[in-house]
Amino acid sequence: MIWYKFHIGDYRTSTTHLSDAEDLAYRRLLDMYYMTEQMLPLDPVLVARKIGLDLDITESVLGDFFEKLDDGYFHQQASAEIDRYTKQVANNRQLGKKGGRPPSKSC
């Protein structure tokens, strides 16, 4: 994904307890999640290096906002947005094969 909806109120409500560095880490982790359209790698050292922040900050944010699964760090809301985006892209592709959106019927 090259862009995603950012709900400022929801974000501020769930992140007011974060330090500036943790807030930056969370935003970078979300960006990484959306850009790759997949869960974050299980190796926190690799993840910290990719987002350019200290390991302790990265691990703290991963533990606070992401669920550690067998195959990566999962973020529920980001995954739901990616699923919606993927479905919309597939729908747009089908419409494109049919010549685009049907013309609107005017009265």
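Mentor: Start with a cut-off: a residue is buried if its relative accessible area is under 20%, and exposed if that area is over 50%. This is a predicted model. In helix 3, which spans residues 44–51, Pro44, Val47, Ala48 and Ile51 are buried.

Trainee: What caps the N-terminal end of helix 3?

Mentor: Asp43 does, with a side-chain oxygen 3.1 Å from the backbone nitrogen of Val45. A polar contact is a pair of N or O atoms within 3.5 Å. After helix 3 comes Gly52, with a positive phi near 75 degrees.

Trainee: Why is Thr58 called buried?

Mentor: Thr58, in helix 4, has a relative accessibility of 0%, and the limit is under 20%, so Thr58 counts as buried. Leaving out residues up to four places away in sequence, Thr58 touches Pro44, Val47, Ala48, Ile51 and Leu53. A polar atom of the Thr58 side chain also lies 3.0 Å from the backbone oxygen of Asp54.

Trainee: How many aromatic pairs does a search of the whole structure find?

Mentor: Five. One of them is Phe6 with Tyr11, whose ring centres are 5.1 Å apart and whose planes meet at 50 degrees.

Trainee: What makes the pair of Tyr11 and Tyr26 stacked?

Mentor: The planes of Tyr11 and Tyr26 are 10 degrees apart, with 5.6 Å centre to centre. Stacked means under 30 degrees, so the label applies. This pair links distant parts of the chain, Tyr11 in helix 1 (residues 8–15) and Tyr26 in helix 2, 15 residues apart.

Trainee: How do you know that Arg27 sits over the ring of Phe6?

Mentor: The charged end of Arg27 is 4.1 Å from the centre of the Phe6 ring, and the distance limit is 6 Å, with a further limit of 35 degrees from the ring normal. Arg27 also lies over the face of Tyr11, at 5.7 Å from the ring centre.

Methods: Residues are numbered from 1 along each chain as its sequence is written. This is a predicted model: local features need pLDDT of at least 70, side-chain atom pairs count only at pLDDT 80 or more; totals for chains, interfaces and linings use all residues. Side-chain values use heavy atoms; hydrogens and water are left out. Buried means under 20% relative accessible area, exposed over 50%, partly exposed in between (1.4 Å probe, protein chains only). Helices (H or I, at least four residues) and strands (E, at least two) are DSSP runs, numbered from the N terminus. A polar contact is a pair of N or O atoms within 3.5 Å; within protein, one must be able to donate a hydrogen and the other to accept it, and residues adjacent in sequence count only if both atoms are side-chain atoms. Contact means heavy atoms within 4.5 Å. Rings of Phe, Tyr and Trp (its six-membered ring) pair if their centres lie within 6.5 Å; planes under 30 degrees apart count as stacked, over 60 as edge-to-face and the rest as tilted.
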